[in-house]
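Subject: Model handover

Hi,

Here is the structure I said I'd pass on.

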Amino acid sequence: MFVKVNGVEVELPEGATVRDAIDATGAPYVEGALVGLISGTRELERTIDTYRIKTTAGSILIELLPEEAPEIVETWREVYSNLENLRIRWTTPSEISMGPLKTELEPSRKEFFYDENEVIMSLSGFSPDSTHIIISRDPHSAVYGVPGENRGVFARVTGGGRTIERLTDRDVIRSVEPVVERKSIVESAAVTDLETPLEDGNQIFTYVKVKPSHESPQSVEHFFTMVEEGKLRVDYEANSFIGFYSLQGIKKDPEKIAKRNRGTVTLRNTGRGAGRVYIYREDRVSTPSHNLIGNVTDGMELVDIAGEGDHITVECEPGRIMTVSMTQKEAEEYLKGYGVEQIRDGIMVDDAIVVAQDPPYTMDILKEGRVRTVGIEADKILEVELDPDAPRSSWYFRRLTGLIDTPIGSLKVHFAFPGMKVVMFEGDRSLAKGLVPEKTPENCVKKGSIGITNMSRRHIGMVGVRLEDNDEYGPTGEPFNGTNIIGRIIEGLENVEKFKEGDTVYVRERKKP
């Protein structure tokens, strides 16, 4: 049997499943994400009532009338593709004719009245071998040899009035296509598990592909951070869009503003929902609060069927350029694949670890064709493990250090005094706003523990590290009730006591297995 996976046809044995199709094609897919399954092209088209007729003068939209003329509509679905590459047959002040086509309809000899924008199936010369599609330009009466059903009227014009005015018998029909709307996809597609058996003609959609905008480097990088694991969780669904809120609260500068057409991806740059990302199912006007991230080029079917709580696999082309956490040598080889020149800075030996890149954003790197990679010795990086039981404080720490955006973040030393057995780092009061007490210590604070001063104390947002056990005070010198313990340093602790006030310290998060 033959099925299509993301538009590519593949032959599979009888009884094959969705997983078999994905494996056979190597289709992009992240385990646990949504898969869309449509019965087949013809089956889908039977749910679609809008068609676009593209001509050399422009396009015309018609909407079928399956309730009023079911037999003629069925005939249209069978023959519409035969109109492609035919000239406009004739035009008059009252009508436009397209054809001829062959059908099996039975003609009548009655005269009927036709209103403007009605679409008629006419059997010229009372012969089904000379069937024409007539578009009524103005109200008029005529004998078209139509079938008895609904005066031969099977559709009405819903768009393209200017095209109808311009058409002449010199124009050609380039194509006729069903317009796949969201309601058609939702009714015809199903969210499935990977063991669902397939049938001949099925279509499978596994991922959404996004083309980023070169005019919104900050917003695009924000989106890259969100799709780091290859998928997005739908946090909100509406008729006109789906929303992704995992990085809400992070404001960005205004960048490219554009009309939010179907398939447009945007970032809210300010206000209550700053940091949220949206993919649009329907057209919406532009607004200064939404930066253009890019546009969906493949997989709108998944956008149409995804619901709140679903995950969808996402790929970007071009993808993110991120050298941070690589060695200088690894970064060199990696950048060659993008045709980007590396300029080494800081510690430049091959095994130095890249802790920063300039420009920081992928779109700017591609534009300039070069990037400066700043290296330091590997043993100077602190490896930290954050506690999932302190989610607010861990989120604050990631934002403060930049670990939300890059694999290696940084802190600036605020206080370090030999023999004090504690080192404190600068915080950010605005980011720490609302940092409620969580994971406060009850007994001893162990050596290597990382703490943050919570909102119950004056120095909210301060970050500290203990260099020895302490039964009384937390890593920022506050009492236990004013301290949130967010994790611990698991590698590089021996370097902490060497830090001086004003030093920049680099940190890397080690995820728990």
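Let's start at Y278, which counts as buried because its relative accessibility is 7%; buried means under 20% relative accessible area, exposed over 50%, and partly exposed in between, using a 1.4 Å probe and protein chains only.

Before going further, the ground rules: this is a predicted model, in which local features need pLDDT of at least 70, side-chain atom pairs count only at pLDDT 80 or more, and totals for chains, interfaces and linings use all residues. Residues are numbered from 1 along each chain as its sequence is written, and side-chain values use heavy atoms, with hydrogens and water left out.

As for confidence, pLDDT is the predictor's own score for each residue, from 0 to 100. The protein averages 92, and 96% of the residues score at least 70. Helix α2 (residues 41-45) has the lowest confidence, with a mean of 62, while strand β21 (residues 277-280) has the highest, at 98. Helices (H or I, at least four residues) and strands (E, at least two) are DSSP runs, numbered from the N terminus.

**The tyrosines**

Back to Y278. Which ring does it meet edge-to-face? The partner is Y245: the ring centres are 6.2 Å apart and the planes sit at 70°, so the pair is edge-to-face. Rings of Phe, Tyr and Trp (its six-membered ring) pair if their centres lie within 6.5 Å; planes under 30 degrees apart are stacked, over 60 edge-to-face, and the rest tilted. This pair links distant parts of the chain, 33 residues apart: Y245 is in the loop between β19 (241-244) and β20 (264-268), and Y278 is in strand β21.

Y245 is buried too, at 14% relative accessible area. Y245 also stacks with Y236, at 6.5 Å centre to centre and 15° between the planes. Y236 is partly exposed, with 37% relative accessibility. Put together, Y236, F241, Y245, Y278 and Y280 make up one aromatic cluster. Across the whole structure the search finds 12 aromatic pairs.

Y245 has a charged neighbour as well: R276 lies over its face, 4.1 Å from the ring centre. R109 does likewise with F126, at 4.0 Å from the ring centre. To count, NZ of Lys or CZ of Arg must be within 6 Å of the ring centre and within 35 degrees of the ring normal.

The loop between β19 and β20 also holds I250, which is buried at 9% relative accessibility. I250 and S394 are 144 residues apart in sequence and 15 Å apart in space, C-alpha to C-alpha.

**Pocket and cavity**

On a 1 Å grid over the protein atoms alone, a cavity is a set of points where a 1.4 Å probe fits but cannot get out, whereas a pocket is an open set with protein on both sides within 12 Å along at least five of seven lines; lining residues have an atom within 4 Å of a point. Grid points are joined across faces, edges and corners, and volume is the space filled by probe spheres set on the points.

The largest pocket holds about 820 Å³. Of its 30 lining residues, T225, M226, E228, E229 and K511 lie nearest the centre. The elements giving two or more residues to that lining are α6 (217-226), β17 (231-233), β23 (311-316) and α10 (391-401), and β23 has the largest share, with 4 residues. The lining divides into 14 nonpolar, 5 polar and 11 charged residues. Here Ala, Val, Leu, Ile, Met, Phe, Trp, Tyr, Cys and Pro are nonpolar, Asp, Glu, Lys and Arg are charged, and the others, Gly among them, are polar.

Two peptide bonds are worth a look. E317 and P318 are joined by a cis peptide bond, omega about 5°, with P318 in the loop between β23 and α8 (328-336). D358 to P359 is cis as well, with omega near 5°.

N85 is not a glycine, yet has a positive phi of about 75°. N85 is exposed, at 63% relative accessible area.

Cheers
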